[in-house]
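Visitor: Could you walk me through a few local features of this model?
Guide: Gladly, here it is.

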Amino acid sequence: MRGIFVTTIGFLMYVCIYAQAPNTWKDWYSYNSVLSIESIDGTLYALCSNGLFTYNPSKGQITKISKIQGLSDVDLTTMKYNEEAKKLVIGYTNGIIDILSFPGQKITSIPTIAKRQLYGSKAIRDIVFKHDTAYIATDFGLVTMNLQNNEFIHTAVLGNQGESVGVNAVTIDYTNAILFAATQKGIFSIGLHQNISDGFLWKHVPIGVHQFSKITHILYYNNVMYYSAAQNNWEQYDTIYSYSNSNTSVFDKVIYLEKITSYSQNLAIVSRRQIKLYNNGELLNIITNTVQEVNFSGICNCNNALWVSDYAKGIYSIENYKSYYPQGPYSNITSEVFCRNNAVHLVCGSSSAYQIGQYNVLVNGTWYGHVNWNVKNSICVYPMKNSTTYYYGTAGWGIVQASAAWNYDTVYNKTNSTIQNIYADNSPYQFITDIAADSKQNIWCVNKMVQYPLVVKTLNNQWFKFNLSGDIGNNFERLLIDKQNTIWIAGESKLVAFNANGTIENSSDDSYAYIQLSDDEGNIADRTTALAMDNEGVLWIGTTQGIARHTSPYEVFRGKKNISRIKIEIDGEVGYLLSSEKITCIAVDGANRKWIGTQNSGLFVISADGTKQLANYMTTNYPLPSNTINSISIQHSSGEVFIATDKGLVSVMSDATQGSETMEEIKIFPNPVREDYRGNIYIQGTVANAIIKITDMSGDLVFQTIANGGTGVWNGTNLLGERVATGVYLVYISNSDGSQTKVSKLLFIQ
C-alpha cells in the first residue's frame, strides 16, 4: 500500500501545474512617478500615488507594497520614518494614516481622521517627529500622535475664529522646543511644552510681507528658518526665504521647488531640475544631469550614497542615474483595457485630462509600450485578431494605428480620413471613443459629437462615414459588432443598429434600426452607455439606470426591437437589475456571467441569466483603487479579469474560464490539498460546461458539479457537506453527450 501511495504522489506532482487561485488580486499600477524617498536599514522606500515600492541596492530586489499587500487605500501623499520608534508613517488624501512597523513590516491602519465629520479636505500633507511623537500637518489643521500606542494626543485648529486653516508643512526648532506650522495664512509657532490643542496659544510669526500669505514649504535648520511662499502663476521662479533674528531675506530662487530638507548635515533645496546643497549658507554642490531630463522630487542617503526620487524615472543613485521601479503602465489614469491573444492592451488617458498619448501592453508579465507626442488623451484601444496591428482612439486627436508596442505608424485625423472635428476651427476636437473590427477586418470607429458619428477604414484603406443620428443626437460613445456584422452603437436616448450589408461603399442598401429605451412597464433610462453580447447571443445594454436586454438581436432588422429589464431580489428587496447605477462597461466570462462596471459603485458580478447578484467589488471590501470602473476585459484562457479604473489597473482571478475544445491539459489546483487548506479546489481546462464527478477510489460519488465555462469548483466536502477524508480521489470529466471524457487524480490530506 505504501508503494502505491508514493507512486500516486509522484504522478500528482507531475500532472499538477499550480495556477493562480481564484479571488487572488494583483495590482498593475504605474510606479515610475515617485513623490518622496526614505532610507531604512539599507533599503530604499519610494512613495507613489498608489503605493510604495522598496529597493535593496545590495540585493537588487524591488518589492511593491500597495492595497493588495495591506495598505489602506490609494492617493498617498507623504511618508516619514521615525528611527526611534522604528515606524514609517504614511499619509493619504482622505486622512487615513498607515503605520508600517519594523522589522516585521506590519501595517496598522488608523482611519480616525478619515471618519471624522469635517467639512473640506482631510489630506495629510507633512510629518515631523520629536522622539515618539508625530506632528502631522493636514488640510484642516495639525494633529499629534503617540507612536508607541498609535493614539492621537492633540488637534490644533489655527484660524482666528476657530475655523480650519490648512497646514502645508511642519518643522521643529529642537534646541528651543518650538513647533512651526506653514499654513494657508502664514507661519504659526508654539512651544512643544504647551497645549497644542489650544489655538489661542499659537503665535503668528512676523515674517514681514508674507505674514499672512500661503506658505508652501518650511524647514528650521541651524537656527535659521527657511520657507517658501506661494507664487503667482505667471512667476517663473519659486523663492526660498531665510528668517533669522526677526529678519527676512531672499535665500535662493529655483524653478518648481519641491522640498526644503536636510541631507548629510547640509541644507538641501530640491527642485524639479536640480538639487542644491548648502552648508552654513554657502553653496556646496548643485546636483543635476545634462544627459537626460530630470524631475527630482526627493533626496536621501543610503549606504553612504546619494539617492534621489524622480517624478518620471523612479529612484536612482546620482552616480549612474540608472532607474529603479516596478514595471507597470505609464499612468494610473487608465481608460480602457483589452485582452487579446494572451496579451493585455491598455491605454491611459481621459477626456478631461491633458495627457500625452500612452499605449501599454502586458505580455508574459512584462510591460511594453510607447508615449506618442503627436496625440493626447488615449481613451480606447482595439488589437486586431491574429495580427500585431492595434488601434487606439483619443479624446481630440483622432485614431492611431500601430504594429509594434514601442512605436506608432500612423495618426488618422480630419486631414487624412473621414474623421471629423467637433468644431469648425482647427482645434483638436476629433474624438474617437470606441473601435472594433468586423469579420472582414474593416475598422469601425465612433466619432463623437459630429454629423457622421460612425466612420470606417476598410481593409484596403478607404474611409467612409455614416449619419446615424436621425432625430436623437450624435453623442455616441460605444459600439459592438456582432456575428452578422451588425454594428450596435450606444450613447444616445435610442440604441442604434446598423448594417452595411457587405457593401460599405454603397449606402443605398444599408439597414438601420432604432431601439427605444423602454419596455412594457415604461421608460428604462435616458441614455445607453455600454454593450456586450453574451455566450448565448443575448445583447446586454448598459444605461444610466441599470441594465436592459435584447434577446433577439439577430432579428433586429425584421422588427424584433423590444428590450426588457430583469427583476432581481437583494436583501429581501425586489427591483430592476442595478436600476440605481450608471453602467460604464460590461464583460462576459466563460460561465456566461456578467461583470458590470459602474460610475460610482464599483464592480458587480451577475449570474448568467441576470437574476442573482454574485458579488459587488468596492474599495471598502476589496483592493479596488476606485469605485469608478472605466473598462473590464477578461483573459479567457486563465479567467483573469482586468479592471481599469480612473486610479489604476488591477486584476482578480475568477473561477470561470472559456471552455477548451479538448481536455488534453486538465489542471487541478491545489493538488495535493494539504491539511491546513480550506479554500476551493479548481479543475481547469475542461470543455465548456463540462459535467464533473468526483469519487473515492471505491467508486462512491463524493461530489458533482457543472463547470463554470472551462473551470470546475469543489469546496472539498462530500454530498453531506462534510470535509472528505485523506485519500486519492478520481475526477471524472465529460461533455454533455459523453463524446469527450477525461479522468484525473487528486490527493486530499485531512
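Visitor: Which side chain makes a polar contact of 2.7 Å with that of Thr 711?
Guide: A polar contact is a pair of N or O atoms within 3.5 Å; within protein, one must be able to donate a hydrogen and the other to accept it, and residues adjacent in sequence count only if both atoms are side-chain atoms. This is a predicted model, where local features need pLDDT of at least 70 and side-chain atom pairs count only at pLDDT 80 or more, while totals for chains, interfaces and linings use all residues. Side-chain values use heavy atoms, without hydrogens and water, and residues are numbered from 1 along each chain as its sequence is written. At 2.7 Å, the partner of the Thr 711 side chain is that of Thr 657.

Visitor: Is Thr 711 buried or exposed?
Guide: Buried means under 20% relative accessible area, exposed over 50%, and partly exposed in between (1.4 Å probe, protein chains only). Contact means heavy atoms within 4.5 Å, and Thr 711 touches residues including Asp 655, Tyr 682 and Gln 684. Because its relative accessibility is 1%, Thr 711 counts as buried.

Visitor: In which strand is the place of Thr 711?
Guide: Strands (E, at least two residues) are DSSP runs, numbered from the N terminus. The run that holds Thr 711 covers residues 711–714, and that is strand β63.

Visitor: Which residue of β63 is the bridge partner of Tyr 682?
Guide: Two strands pair if DSSP finds at least two bridges between them. An open sheet has the order β59-β60-β63, with antiparallel pairing, and its edge strands, β59 and β63, each pair on one side only. Strand β60 (residues 681–684) is joined to β63 by four bridges. Within β63, the bridge partner of Tyr 682 is Val 713.

Visitor: Which residues form the covered face of strand β44?
Guide: In a regular strand the side chains alternate between the two faces of the sheet. Strand β44 (residues 511–516) runs antiparallel to β43 (residues 494–499), with six bridges joining them. The uncovered face of β44 has Tyr 512, Tyr 514 and Gln 516, and the covered one has Ser 511, Ala 513 and Ile 515.

Technical notes: Lists of a residue's contacts leave out its neighbours within four places in sequence.
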